[in-house]
Amino acid sequence: MEKSASSITLEASLGNLKAVNSFIRKWAKRASLSPRNENNLLLAVEEVYVNIVKYAYPESLGKVTIYCRMDENSLISKIKDAGIPFNPLKVPEPRLVSRLEERKEGGLGLFLMQKLVDNVGYERKGNYNVLTLVKSRKKKIKRRESKDN
Amino acid sequence: MQITQKQEGEVHIFSLNGRFDAHSAGNVENELNLAISKGEHNLLVDLDGVEYISSAGLRVLLAASKKLKKGKGEIKLCCLKPYVKEVFDIAGFTQIFKIYNTVEEATQSF
């Protein structure tokens, strides 16, 4: 029987982004996500992971654990680090102004992350930051795509 | 990420092929900065070979654009794949950049 949960633990470094991607890709395939939803999840996880690489461990190299499981309706990814306490959901949204001069270069990643998954949750558990990303496995049917088409 | 460059009249064209993520963004940034420091001021980035972009890629394009604008230069983009266009829309980047459907259209617009 196919496993319905697994995890990967890595040193938090940019070089390990590829390993993170292949772990998520494997789960996206297993959960039968559409290519678009697979990209959305890859992007959301990349943004969280890169944020951990950049900011969670200012003084030493630390670890990140990514855990995936699925049920009938969703693919659930949990990203855990033992870095400084940080709740990404409390970061103010960037101002998406259309004037180039006024656009800030930072702050977009966590904004994208929240837009691209169906649900996000943050918990501080002991010494760990745990971020949960939920992606629905159900295909969203647009109204205009009726059965007659 | 594969980066190829060519000159078309006054326009310096970067063609990117691969994932424009946190892993590849640094290389693209270095190449763009190098071209800008050599005095190129009309840059076109052809994204036809890019199926995926994250905030790291968006940040590189934004930074290069700001840098060029200070020297009266400009960066334009073309050939966005549907997923890349979607990320641009969410990030509000379709309003910041001039985006064209083809390399020819973009080159002629400078």
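View 1. B:Phe14 lies in strand β2 of chain B, which covers residues 11–20. The model shown in this and the following views is predicted. B:Phe14 counts as buried because 21 C-beta neighbours lie inside 10 Å, where the cut-off for burial is 20 or more. Beyond the neighbours within four places in sequence, B:Phe14 is in contact with B:Ile3, B:Gln5, B:Glu31, B:Leu32, B:Leu43, B:Val45 and B:Asp46. B:Leu68 is 54 residues away from B:Phe14 along the chain, and the C-alpha atoms of the two are separated by 15 Å.

**View 2. The chain B fold.** Chain B contains four helices and five strands, in the order β-β-α-β-α-β-α-β-α from the N terminus. The radius of gyration of chain B is 12 Å, close to the 13 Å given by the globule rule for 110 residues, so chain B is as compact as a globular protein of that length. The C-alpha trace of chain B spans about 30 × 25 × 25 Å along its principal axes. Of the 110 residues in chain B, 40% count as buried. Among the contacts in chain B with a separation of 6 or more, 70% join residues 24 or more positions apart.

View 3. An α-helix has 3.6 residues a turn, so residues three or four places apart point the same way. B:Gly92 follows α3(B) and has a positive phi, near 75°.

**View 4. Packing of α3(A) against α3(B).** The two helices pack at an angle of about 110°, and their axes are 10 Å apart. This angle makes α3(A) roughly perpendicular to α3(B), as angles of 65 to 115 degrees count as roughly perpendicular. The crossing of α3(A) and α3(B) is right-handed. From α3(A), the residues A:Leu108, A:Leu112 and A:Lys115 meet B:Val87, B:Ile90 and B:Ala91 of α3(B).

Notes. Residues numbered from 1 in each chain as written. Chains lettered and ligands numbered in written order. Predicted model: local features only at pLDDT ≥ 70, side-chain atom pairs only at ≥ 80, totals over all residues. Rg over C-alpha atoms; globule rule 2.2 N^0.38 Å. Buried ≥ 20, exposed ≤ 12 C-beta atoms within 10 Å, placed from the backbone. Contact = placed C-beta atoms within 7 Å. Axes fitted to C-alpha atoms, helices over the stretch in contact; angles between N-to-C directions. Parallel < 35°, antiparallel > 145°, perpendicular 65-115°, else oblique. Left-handed = near helix turned anticlockwise from the far one by under 90°.
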